[in-house]
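The following note is intended for a colleague who is meeting this structure for the first time. Please read the numbered points alongside the display below.

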Amino acid sequence: MLLACVPGENHTLPLEVLSAALTERGLPVRMFGAALPVESLVAAVRRTGPAAVGLWAQSHTTASRPLAQHVAAMEWGVRGARRRSAVLTLGPGWAGRTVAGPARPTGLAEAVAALESVVPR
């Protein structure tokens, strides 16, 4: 799975905690740092084909519905067997912002459970 801060977001500590919790459970995680550019996020999803993508936004000003919807709609893999990543909108910045498709866990335990449920073992 892939964890990333949305563009303009510099608060990484909550994602680092989530990454540590997932790693502790033996789940494969790739975490990117603060303010990941859209182009880099899109390229990473295409290259790695993650089962899930977690997008962190601390504030309403950085939470981008169009970005979350774009990532949720992305397909990767070989033609004829394309897949999509489950997308989770993480952090208080998404509160009150309805995004069709992506799940929005409200805490660490819920985020870990949601991500564990989509990763094949």
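Which residues of helix 4 (residues 108–118) are buried?

1. Ala111, Val112 and Leu115 are the buried residues of helix 4, where buried means under 20% relative accessible area, exposed over 50% and partly exposed in between (1.4 Å probe, protein chains only). Helices are DSSP runs of H or I with at least four residues, and strands are runs of E with at least two, numbered from the N terminus.

2. This is a predicted model, in which local features need pLDDT of at least 70 and side-chain atom pairs count only at pLDDT 80 or more, while totals for chains, interfaces and linings use all residues. Residues are numbered from 1 along each chain as its sequence is written, and side-chain values use heavy atoms, without hydrogens and water.

3. The buried residues of helix 4 pack against strand 1 (2–5), helix 1 (13–24), strand 3 (52–56) and strand 4 (86–90); contact means heavy atoms within 4.5 Å. On the face turned away from the buried side, helix 4 carries the exposed residues Ala109 and Ser117.

4. Helix 1 contains Glu16. Glu16 counts as partly exposed because its relative accessibility is 40%. Between Glu16 and Ala4 there are 9.9 Å in space, C-alpha to C-alpha, and the two are 12 residues apart in sequence.
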